[in-house]
Amino acid sequence: MKIRNNFIKENITGYLFILPQMIVFLAFLVYPILEGIRLSMYRINYQNERFVGLDNYVSLFNDPVFFKALMNTVIFVVFIVILTVGFALFVASAVFDKNAKYVSFIRGSYYIPVMVSMVVMSMIWSFLLNPANGLISYFAKDMGMGTFNLLGNKTTVLPIIIFVTFATNVGQAIILYIAAMIGVPKDLFEAAEIDGANRWQVIRKILIPSVSSTTVYISIINIIAVLKIFVVIQLLTGGGPNNSSVTLMYYLYNNAFKYNQLGTASAVGVIMFVITLVLSVPQLRSIIKAK
Amino acid sequence: MTQVKNKKKMEKFDVISNAVIILFAVLNLFPLYWLFTSSLKNSSDVVKMPPDWWPKTFTLSNYVDIFRDQPALRWAFNSLYVSGISTILVIVFGSMAAYAFSKIDFKFKNIIYIIFISSLMIPKEIMIVPLFRIIQDFGMVNSYSGMIWPNVAAAFGVFLLKGFFDSTPNALREAARIDGAGEWKTFTRIMLPIVKPGLGALFILNFVQVWNDYLWQLVVGQDKSMKTLMVGTATLMQDLNPNFAYKMAGATVAAIPMLIIFLLFQRYFTSGMTAGAVKE
């Protein structure tokens with residue numbers, strides 16, 4: 001009897017402890033997801049909702065701007081993630097075994113832009129890139145390249161956004177890599193040294209494989225962060241010129257809060273939700289396995 | 001064995017790499033230098049070509065203008081309030097749940113935990129339409145609670161703190177129980193103090209994340225007085241005042257609090273972020 005009572009008590013206590021988090025989780029995460037899926041099948045006009053089945057999705061796939069947004073988002077994800085992982089690996093592998101002061105200096109100087117936020121960094125870059133009186137335009141003129149309007153030009157606007165986002169956010173990946181590399185057992189390096197391996201071989205054969213789980217983690221959090229890229233678009237280009245830098249998140253926001261197309265916006269949200277879910281599977285699996 | 005002979009010389013490859021890295025680090029900080037010095041120039045010097053690399057005349061008038069023309073202090077307070085309360089709630093709810101998942105045996109706990117953490121990667125922004133309608137239904141548009149609650153929903157705190165609770169010995173909890181302490185007392189008096197480093201890391205990470213959040217706060221805080229610092233500062237980009245130095249002063253005001261936090265709590269960032277990453 002006593003044991004049974006204890007068992008029930010333990011169960012009740014357990015549920016009481018998770019209750020507050022559970023309520024917020026259900027109300028502000030699970031419910032919005034379900035509601036978003038429902039809304040994506042409706043045409044919504046203020047209080048009027050009319051069921052339209054998959055019409056919103058059909059019209060999305062007939063909208064060239066949506067395709068542009070999808071393509072741009074994919075381009076951003078691919079280039080920014082590759083640049084971030086590549087550069088962070090390069091930085092971390094070169095500095096992780098140096099003295100602590102130096103490591104902390106490097107870590108700090110690359111992480112400060114992350115801290116001051118994308119909003120502030122976007123504002124600075126918009127000033128630097130301003131065609132009339134930005135520093136970068138000044139250098140361009142100085143070197144005889146004529147007037148420079150990198151953000152107003154269809155061919156340069158994407159590389160610029162890729163660069164700005166990468167330069168602002170790479171610090172996080174650097175911190176994670178340095179921490180992971182410091183944790184690699186020392187005897188591995190000593191063994192390699194005895195075998196006469198040079199630094200490049202040590203990095204390639206020991207260091208990079210040892211931090212592969214960090215690489216997976218960094219890739220996933222960055223893919224998901226870039227997937228919802230918004231601030232830099234709103235502040236630097238407004239999606240322009242002529243929709244050439246529009247992204248999924250920016251498209252969603254405009255449909256929802258500018259054109260009042262809530263059904264369409266929800267459909268974009270659902271598509272992004274599915275993409276996120278698929279992408280996070282490997283990470284989830286490793287968390288569950290680690291238990 | 002004369003292993004410990006002369007200290008190994010750095011290889012050429014290593015020297016070049018580090019030189020490149022330092023160069024990039026300096027270049028990476030340059031925009032911030034330019035931000036700060038530009039904010040101290042007057043409206044004609046800031047757009048002067050060729051530029052003054054260091055302000056010729058210093059002026060604080062841009063800062064005076066920011067605080068006079070914009071409710072910048074109010075924005076800063078809004079940011080502080082929203083980030084602070086969100087973070088406290090994340091810590092309270094998250095630590096309770098994390099403790100239960102780590103130490104208490106209850107039915108379906110593994111399944112519930114997996115459902116919780118599968119939400120980790122889902123950004124709230126993609127559900128912005130239904131979320132906004134919920135906030136509307138609750139009458140929370142233009143309110144702090146409208147900005148705060150969605151930040152508490154994600155299970156990041158649960159995930160991070162569970163790792164810390166898992167590494168505490170079970171015997172500790174059992175001993176407290178035998179001494180007659182109830183579950184709540186065991187949790188608050190014995191277990192929470194042990195995971196303090198985890199709470200610190202979570203506090204910093206979450207605070208900064210909410211502080212630098214943008215889209216959700218943009219949507220919820222529509223009145224000028226309800227904007228947070230990031231959203232309010234971003235409106236300076238569309239401001240009628242064409243003075244670039246004024247905009248840069250606003251951006252500096254937005255940048256400074258987080259710079260200070262980072263310099264003060266640098267080690268927590270490293271420990272918190274790595275606790276979030278999974279190692280095999």
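A salt bridge is a side-chain nitrogen of Lys or Arg within 4 Å of a carboxyl oxygen of Asp or Glu. The structure examined here is a predicted model, and 16 such salt bridges are found in it over all chains. One of them is formed by the side chains of R173(B) and E10(A), with an N to O distance of 3.5 Å. Because R173(B) belongs to helix α8 (residues 170–178) of chain B and E10(A) to helix α1 (residues 2–39) of chain A, this pair joins two chains. Side chains of opposite charge can pair when their charged atoms come close.

The interface of chain A and chain B was examined next. Contact between the two chains involves 101 residues of chain A and 107 residues of chain B. An area of about 9,300 Å² is buried between them, and carbon and sulfur atoms give 78% of this area. Across this interface, 5 salt bridges are found by the rule. A salt bridge is also present between D14(B) and K98(A), whose closest N and O atoms are 2.9 Å apart. Polar contacts across the interface of chain A and chain B amount to 17 residue pairs, counted where both residues have a pLDDT of 80 or more. On the side of chain A that touches chain B, helix α4 (residues 100–128) of chain A gives the largest share, with 23 residues. That side of chain A is made up of 69 nonpolar, 23 polar and 9 charged residues.

Two or more lining residues come from each of α4, α5 (135–142) and α6 (154–182) of chain A, and from α1 (12–39) of chain B. By class, the lining of this pocket has 19 nonpolar residues, 1 polar residue and no charged residue.

Cavities of 30 Å³ or more number 3 in the structure. The volume of the second largest cavity is about 40 Å³. From chain A, the residues that line this cavity are F127(A), N133(A), G134(A) and L135(A), while chain B supplies W34(B), V46(B), K48(B), M49(B) and P51(B). The lining of the second largest cavity consists of 6 nonpolar, 2 polar and 1 charged residues.

Two features of the backbone were noted in chain A. Most residues other than glycine have a negative phi, and most peptide bonds are trans. The peptide bond between G240(A) and P241(A), however, is cis, with an omega of about -5 degrees. P241(A) is placed in the loop between α10 (231–236) and α11 (248–257) of chain A. The loop between α10 and α11 of chain A also holds N243(A). The phi of N243(A) is positive, at about 65 degrees, although this residue is not a glycine.

Note on methods
Residues are numbered from 1 along each chain as its sequence is written. Chains are lettered from A and ligands numbered from 1 in the order in which they are written. This is a predicted model: local features need pLDDT of at least 70, side-chain atom pairs count only at pLDDT 80 or more; totals for chains, interfaces and linings use all residues. Side-chain values use heavy atoms; hydrogens and water are left out. Contact means heavy atoms within 4.5 Å. Buried area is the accessible area (1.4 Å probe) that two parts lose on being put together, summed over both. A polar contact is a pair of N or O atoms within 3.5 Å; within protein, one must be able to donate a hydrogen and the other to accept it, and residues adjacent in sequence count only if both atoms are side-chain atoms. Helices (H or I, at least four residues) and strands (E, at least two) are DSSP runs, numbered from the N terminus. Ala, Val, Leu, Ile, Met, Phe, Trp, Tyr, Cys and Pro count as nonpolar, Asp, Glu, Lys and Arg as charged, and the others, Gly among them, as polar. On a 1 Å grid over the protein atoms alone, a cavity is a set of points where a 1.4 Å probe fits but cannot get out, and a pocket is an open set with protein on both sides within 12 Å along at least five of seven lines; lining residues have an atom within 4 Å of a point. Grid points are joined across faces, edges and corners, and a volume is the space filled by probe spheres set on the points.
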